[in-house]
Each structure stands twice: as structure tokens, then as C-alpha cells.
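Trainee: Hi! Could you walk me through this structure in plain words?
Mentor: Happy to, let's look at it together.

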Amino acid sequence: MADVNRGNRPLSPHLTIYRPQLTSMTSILTRITGNAMLIAALMIVWWFLAAASSPEYFATANGFVTSWFGDLVMFFSLLGLWYHTLAGIRHLIWDNGYALDIPTAEKLGWACIGGSVVLTIITAIAI
């Protein structure tokens, strides 16, 4: 019962064959930003726990959170938060059956990317 044509059948297409599409990349980015925001949330919880513990422990946590690395993590977490929010709105639009054609879906993808950058800059300046 061995398959005689086993070596002659075409293989399934691999990722190297397909060009990444904006909609697939933004979907992956939505998942990445959702998971990455967990790091910032844990950092904020650590900061609050340190504030409730002791002045020395708070000084350590506050020094880390307000360092250049902490600022960088918080800035990119803010970017991720805005992107994740806009991508969620885009998915709500899609769930209602609107903007499902490829040109409009790509425009919404670029709007999520551009909007998140603009909103992050506005928020960072306002803070």
C-alpha cells in the first residue's frame, strides 16, 4: 500500500513563496503588541508594589522605570497600546462586514500604523 507517486507530488507552498501582505503583517503585529504590553504592565505592577513596600525598594524600582531603558520600554509600550487599540477598532469594523475588500483593508492597515505613530507622539508630548 505504499504511495508510488510519493516523490513526484508537489510540496505544500512554503513561506518563501508568498509575498507578505500588509493585512497578515498587521495581524501578526497585533499579536506581538498585545504580548509586549504585558512586559510594561508587569513593570508598572512592580513599581506599585515597590511603592507599597519600602522607600529603598521604591527607589530601586523607580530608578529602573525612569531610566533610559524604562523610558524606552514605556514609549514602545505606548506605541503598542495605540496600535493594538486601532487594530481592535479595525477588527470591529471587519466583524460588522465592512471594509473587507483588499484595497480598503490595506488602507485600514496603513491607518492603524500611521495613526498609532501620530497618537504616540501626541501622547508623549502631552505627558
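Mentor: Let's begin with Ile93, which touches Tyr98, Ala99 and Leu108, leaving out residues up to four places away in sequence. Touching, or contact, means heavy atoms within 4.5 Å.

Trainee: How far apart are Ile93 and Leu108 in sequence and in space?
Mentor: They are 15 residues apart in sequence and 9.8 Å apart in space, C-alpha to C-alpha.

Trainee: Before I go on, what kind of model is this?
Mentor: This is a predicted model, where local features need pLDDT of at least 70, side-chain atom pairs count only at pLDDT 80 or more, and totals for chains, interfaces and linings use all residues. Residues are numbered from 1 along each chain as its sequence is written, and side-chain values use heavy atoms, with hydrogens and water left out.

Trainee: Back to Ile93, then. Where is it found?
Mentor: Ile93 is found in helix 3. Helices (H or I, at least four residues) and strands (E, at least two) are DSSP runs, numbered from the N terminus.

Trainee: Why is Ile93 called partly exposed?
Mentor: Because its relative accessible area is 30%. Buried means under 20% relative accessible area, exposed means over 50%, and partly exposed is in between, with a 1.4 Å probe and protein chains only.

Trainee: Zooming out, how many helices and strands does the protein chain have?
Mentor: The protein chain has 4 helices and 0 strands, so the pattern along the sequence reads α-α-α-α.

Trainee: How much of the chain is buried?
Mentor: Of its 127 residues, 22% count as buried. As for contacts between residues at least 6 apart in sequence, 63% join residues at least 24 apart.

Trainee: Tell me about helix 1. How many residues does helix 1 have?
Mentor: Helix 1 has 32 residues and reaches 46 Å from its first C-alpha to its last, close to the 46 Å expected at 1.5 Å a residue. The expected span is 1.5 Å times one less than the number of residues.

Trainee: Which residues of helix 1 are buried?
Mentor: Among them are Thr30, Thr33, Met37 and Ala40. What covers the buried residues of helix 1 includes helix 2 (55-65), helix 3 and helix 4.

Trainee: And what about helix 4?
Mentor: Helix 4 (residues 102-126) has 25 residues and reaches 35 Å from its first C-alpha to its last, close to the 36 Å expected. Its buried residues include Ala105, Gly109 and Thr123, and the buried residues of helix 4 pack against helix 1 (22-53) and helix 3.

Trainee: Why does Thr123 count as buried?
Mentor: Because its relative accessibility is 18%. Leaving aside neighbours within four places in sequence, Thr123 is in contact with Leu78 and Trp82.

Trainee: Changing topic, what does UniProt say about His84?
Mentor: The annotation "binding site", from an unreviewed UniProt entry, covers His84. UniProt positions are given in the numbering used here, feature names are shortened, and annotations may be inferred rather than shown by experiment.

Trainee: Which residues is His84 in contact with?
Mentor: Leaving aside neighbours within four places in sequence, His84 is in contact with Thr30, Thr33, Gly34 and Met37. His84 is in helix 3, and is partly exposed, with a relative accessible area of 29%.

Trainee: Which residues does UniProt list for "transmembrane region"?
Mentor: The unreviewed entry lists residues 28-48, 68-87 and 108-126. In the model, residues 68-87 are 100% helix and 0% strand, with the end C-alpha atoms 28 Å apart. Residues 108-126 are also 100% helix and 0% strand, and there the end C-alpha atoms are 26 Å apart.

Trainee: Last one! Which residues make the nonpolar surface patch?
Mentor: Phe64, Trp68, Phe69, Leu72, Phe75 and Phe76 make a patch of about 640 Å². Like charges are joined within 9 Å, and nonpolar side chains (Val, Leu, Ile, Met, Phe, Trp, Tyr) within 5 Å. Accessible areas come from the Shrake-Rupley method with a 1.4 Å probe, and for residues only the protein chains shown count as cover.

Trainee: Which helix gives the most to the patch?
Mentor: Helix 3 (residues 68-95) does, with 5 residues. Phe76 is found in helix 3, and is partly exposed, with a relative accessible area of 48%.

Terms used. Patch = residues over 30% accessible without salt bridge, like charges linked within 9 Å, V, L, I, M, F, W, Y side chains within 5 Å. Salt bridge = Lys/Arg side-chain N within 4 Å of Asp/Glu carboxyl O.
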